[in-house]
Amino acid sequence: MMARSSMVSSKLHYTLLFLSSAFAQQVAFQGLDSYHQGHAASEWTQFNHTIKRVAVIGAGPAGLQAAAALVEHNFTVRLFDRAPGPGGNWFYSEEVPVRESYPDEPLGKQKWVPDHLPATQYYQEGDGGLSLDERWREHWLPRPIWDSLATNSPAVITGLPDVPYLPDHPWVIPAHTIQAHVRAYASVHKLNVNDNPAVTAYSTRVEKLAKKSDGSAWTLTLRHLKKLEESQRIRATWWTEEFDAVVVASGPYDQPHVPDIDGLIEWSKVRAVNDPSRFSVYHSRVYRTPQRYTGKKILVVGVGTSGSEIARDIIPYAKKVYASSKRRSFRRFPPETEFIPEIASFSALPSFDNGIKVGKISLVNGSVLEDIDEVPGLIFLSDKLTIVVQHSWQQIPSPIGPPTDVFNGNALRNVHWTGHYIPDPTLAFTNVRPWTVGQYQSYALAKVWEGTARIPNEAELWRQYNGTRYTHFRGLFGTGPSEAIVRQYVAWLNNESLEHGGRLVSPWAVQNWEVFSYYANQEWEKDYITRENFTQFEQLPADEWTKADVWDASVLEDAFW
């Protein structure tokens with residue numbers, strides 16, 4: 001990437017589409033010209049103005065840590081989440097999301113916002129074709145965890161600072177325990193519901209994020225919903241707030257994705273025979289309890305983490321469980337599961353009123369699956385966070401142009417390993433595993449924006465972004481890439497603190513190595529992780545931390561788990 005002085009001219013315009021747990025709709029980046037002017041001469045990123053007021057979007061484990069660190073460093077912080085309380089994906093509720101779209105909704109679909117803000121509107125039952133319950137659930141998006149869910153990682157790598165689990169906690173932690181753990185962290189840092197309304201805003205969705213034309217601030221357009229029980233109405237309030245910097249901590253998955261398979265749209269219209277309020281085909285995010293599958297034949301489509309854990313949950317109740325996927329990774333599936341090939345098509349149904357039991361499912365190997373029960377027939381297991389940048393560049397030709405989107409696949413685009421958005425580092429994303437690396441990244445964001453830690457200038461940020469070493473800081477915990485990112489943060493933060501002030505940080509505690517290694521070998525795969533996975537880094541030069549052959553076990557988190 002060439003220096004900005006050789007490529008940016010009079011106009012730069014971005015549009016981002018965020019569909020996330022705290023974001024809802026279009027995010028417009030405008031007026032970034034003023035940010036870029038005059039920065040090419042410095043070795044380090046320079047900010048045009050003092051950063052004091054910071055918005056954090058998302059109150060899960062990542063966002064809570066970011067907000068806590070920023071408050072500790074005397075920033076004026078506002079924490080937003082569309083849910084009624086903190087927890088992120090660990091906020092369990094018996095409520096389920098509104099029905100997903102078949103096919104997927106098109107990118108860029110916007111929610112309605114009044115022309116003049118602030119504004120208030122009251123909704124009654126049936127307004128706009130929605131019940132009050134549907135309107136409420138559409139706003140806050142109930143999270144995709146189920147009642148009996150237990151984590152597939154031990155407490156030693158699934159915990160937040162300052163709120164240790166009880167010494168007698170179970171080896172496999174229930175989701176409700178994790179939910180209480182995250183809420184305890186929020187309470188300790190005065191970020192829970194009603195702790196400090198000047199900081200927290202729950203049941204509040206970010207509808208739009210736009211950079212002001214002069215580049216001086218970010219404007220957030222916000223929408224808050226409140227149930228009015230006495231009048232049986234919902235009150236919606238819209239307003240705007242301005243910030244010097246923004247942390248996006250909404251997580252990588254939010255919008256359900258259903259595969260493009262012939263006949264699926266027609267099957268998605270079929271309701272359950274014995275319960276017309278339910279569908280026979282649906283996304284796994286609505287799964288809550290296994291008892292309703294008693295005596296049924298179930299097909300799970302997708303064999304990732306959700307697929308295996310749901311199969312383990314329902315196998316004691318179901319008559320038969322099938323699992324279909326084009327990827328052959330079956331770790332943690334119960335042995336009773338029958339694996340079948342990828343689905344080629346769903347046959348035409350004689351009626352939408354008699355369930356899917358009479359339907360036929362054709363597989364890619366030519367075989368046919370039939371006699372799947374009505375409730376439910378299929379559980380689809382896939383999600384997406386869609387962040388697309390539509391931009392117009394007017395520039396002097398450059399041999400290396402900027403990447404064209406922010407998110408496409410497993411990794412954020414245009415985002416440095418520190419989480420900063422490279423074209424404008426007053427925007428940052430929490431792009432690390434919050435339980436194990438979140439405390440380092442949160443501290444780093446606060447230090448960079450207060451001036452006690454530096455990040456390189458834009459040309460160097462792009463060079464690192466496009467370099468091979470910095471593209472491997474992600475992986476299943478215990479593998480090379482995950483250890484490398486911790487050590488990268490520790491080295492960088494401590495160097496900056498020694499020169500510019502601030503506390504020093506420590507790497508992962510040595511006593512945790514044995515605990516985690518034992519768990520991984522018992523619960524995951526024998527000899528998958530050993531203590532040497534960590535100790536070999538002690539003598540390894542930094543430029544070799546992310547070499548592909550450092551550990552054979554280096555796998556992406558989403559690949560198998």
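Modeller: This is a predicted model. Start with Gln-488, which sits in helix 9 (residues 480–500).

Biologist: Why is Gln-488 called buried?

Modeller: Its relative accessible area is 11%. Buried means under 20%, so Gln-488 is buried.

Biologist: What is Gln-488 in contact with, leaving aside its neighbours within four places in sequence?

Modeller: Gln-488 touches Trp-417, Arg-469, Tyr-470, Phe-473 and Trp-545. Trp-417 is 71 residues away from Gln-488 in sequence, yet their C-alpha atoms are 9.8 Å apart.

Biologist: Why is Trp-171 called partly exposed?

Modeller: The relative accessible area of Trp-171 is 36%. Trp-171 is in the loop between helix 3 (132–140) and helix 4 (175–188). With Val-172, Val-515 and Tyr-518, Trp-171 makes a nonpolar surface patch of about 350 Å².

Biologist: How do you know that the span of helix 2 (residues 61–72) agrees with its 12 residues?

Modeller: At 1.5 Å a residue, helix 2 should span 16 Å. Its end C-alpha atoms are 17 Å apart, so the two agree.

Biologist: What makes helix 2 largely enclosed by the rest of the structure?

Modeller: Of its 12 residues, 10 are buried, so helix 2 is largely enclosed. Among the buried residues are Pro-61, Gly-63, Gln-65 and Leu-70. The buried residues of helix 2 pack against several elements, including strand 3 (53–57), strand 4 (76–81), helix 4 and helix 7 (434–450).

Biologist: Which residue just after helix 2 takes a positive phi?

Modeller: Asn-74, with a phi of about 70°.

Definitions and conventions
Residues are numbered from 1 along each chain as its sequence is written. This is a predicted model: local features need pLDDT of at least 70, side-chain atom pairs count only at pLDDT 80 or more; totals for chains, interfaces and linings use all residues. Side-chain values use heavy atoms; hydrogens and water are left out. Patches are made of residues with over 30% relative accessible area and no salt bridge: like charges are joined within 9 Å, nonpolar side chains (Val, Leu, Ile, Met, Phe, Trp, Tyr) within 5 Å. Accessible areas come from the Shrake-Rupley method with a 1.4 Å probe; for residues, only the protein chains shown count as cover. A salt bridge is a side-chain nitrogen of Lys or Arg within 4 Å of a carboxyl oxygen of Asp or Glu. Helices (H or I, at least four residues) and strands (E, at least two) are DSSP runs, numbered from the N terminus. Buried means under 20% relative accessible area, exposed over 50%, partly exposed in between (1.4 Å probe, protein chains only). Contact means heavy atoms within 4.5 Å. The expected span of a helix is 1.5 Å times one less than its number of residues.
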